[in-house]
Amino acid sequence: ALATLEEALALWRGAPLAGLEDRLHVAERGRLEELRVEALEDRAESALALGRPPELPELEQLVSEHPLRERLRGLVMLALYRAGRQAEALDAYAGIRHALDELGLEPGSELRALQGAILRQDAALEVEPESVRDRRHLPAPATPFVGRRGEVDGVKALLRGDTRLVTLTGSGGAGKTRVALRAAHELAETFADGVWFVGLAALVDPALVRPAIAQTLGLAEETHDE
């Protein structure tokens with residue numbers, strides 16, 4: 001989405017239909033300018049979703065031009081907060097609250113919730129960098145992971161130390177794979193080359209283990225004469 005929006009916005013060449021002031025063209029110019037602002041908002045939202053900083057000066061300029069756009073103000077607040085400028089993010093909220101109050105209105109529920117999350121420094125406002133997400137070469141879980149915090153933390157503690165091999169044992173269906181996958185998911189930032197899942201359940205010949213690992217990692221397995 002971000003790439004498509006950037007490509008679309010690059011086609012903007014300034015105010016459209018300049019010099020045509022009849023009612024029809026003025027209305028069309030207003031429609032196109034509104035679409036551009038929405039695209040700028042979408043681009044900023046896409047960048048924030050990817051953990052990238054949007055162009056704050058551009059957003060702040062838009063806020064000065066459209067001081068009552070709540071979505072735009074929320075994007076500025078979030079961008080400021082992620083840049084470590086919490087006080088300025090709260091000032092941005094105070095600005096639109098004051099402007100709306102003069103009209104007998106108040107900020108919408110989404111903007112109020114964002115202000116509350118910023119005040120709490122809610123961890124949900126943060127997004128992992130792409131570099132961390134790209135390290136996870138793991139299957140997506142079929143259902144949300146709930147509980148088993150102790151087991152996951154135990155596996156993580158071992159793998160963060162000097163332990164090179166951790167084996168989880170237990171009866172079939174006990175959730176060993178789920179615990180291992182969750183631990184790997186949370187450890188992605190620890191390993192520069194990422195974390196990988198290699199499924200070995202279908203193998204019946206131990207000699208196939210090494211080739212299966214090599215294939216998953218995209219490596220050519222070396223052969224040695226015994």
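This is a predicted model: local features need pLDDT of at least 70, side-chain atom pairs count only at pLDDT 80 or more; totals for chains, interfaces and linings use all residues.

User: How much of the chain counts as buried, and what supplies its exposed area?
Analyst: Buried residues make up 26% of the 226. The chain exposes about 15,000 Å², with 55% of that from carbon and sulfur atoms.

User: Which share of the contacts comes from residues 24 or more positions apart?
Analyst: Their share is 60%, counted among contacts with a separation of 6 or more.

User: How far apart are the mean positions of the positive and negative charges?
Analyst: They are 3 Å apart, for 27 positive and 38 negative charges.

User: What makes the buried residues of helix H3 lie on the same side?
Analyst: First, the residues. In H3, residues 56-65, the buried ones are Leu-56, Leu-59, Leu-62 and Val-63. They cover an arc of only 120° around the axis, so they sit on the same side of H3. Pro-57 and Ser-64 are exposed on the other side. The cover over the buried residues of H3 includes H2 and helix H4, residues 70-82.

User: Why does Arg-43 count as buried?
Analyst: Buried means under 20% relative accessible area. Arg-43 has 18%, so the label is buried. Arg-43 is in helix H2. Beyond residues up to four places away in sequence, Arg-43 touches Leu-2, Leu-5, Glu-6, Leu-9 and Glu-58.

User: Leu-32 is in helix H2 too. Why is Leu-32 called partly exposed?
Analyst: The relative accessible area of Leu-32 is 25%. The partly exposed class lies between the 20% limit for buried and the 50% limit for exposed, so Leu-32 belongs there. H2 covers residues 23-49. Setting aside residues up to four places away in sequence, Leu-32 touches Trp-12 and Pro-16.

User: What makes Pro-206 exposed?
Analyst: Exposed means over 50%. Pro-206 has 69% relative accessibility, so the label is exposed. Pro-206 lies in the loop between strand S2, residues 195-196, and helix H10, residues 209-217. Its C-alpha is 19 Å from that of Thr-169, and the two are 37 residues apart in sequence.

User: What makes the phi of Gln-121 worth a remark?
Analyst: Most residues other than glycine have a negative phi. Gln-121 is not a glycine, yet its phi is positive, about 55°. Gln-121 is found in the loop between helix H6, residues 109-120, and helix H7, residues 130-133.

User: Where does Arg-135 lie, and which residues is Arg-135 in contact with?
Analyst: Arg-135 lies in the loop between H7 and strand S1, residues 136-137. Leaving aside neighbours within four places in sequence, Arg-135 is in contact with Ala-188, Glu-189, Phe-191, Ala-192, Gly-194 and Val-195. Arg-135 and His-185 are 50 residues apart in sequence, and their C-alpha atoms are 9.1 Å apart in space.

Definitions and conventions:
Residues are numbered from 1 along each chain as its sequence is written. Side-chain values use heavy atoms; hydrogens and water are left out. Helices (H or I, at least four residues) and strands (E, at least two) are DSSP runs, numbered from the N terminus. Buried means under 20% relative accessible area, exposed over 50%, partly exposed in between (1.4 Å probe, protein chains only). Contact means heavy atoms within 4.5 Å. The arc is that of the directions from the helix axis to the C-beta atoms. Accessible areas come from the Shrake-Rupley method with a 1.4 Å probe; for residues, only the protein chains shown count as cover. Lys and Arg count as positive and Asp and Glu as negative; His and the chain ends are not counted. The place of a charge is taken as NZ of Lys, CZ of Arg, CG of Asp or CD of Glu.
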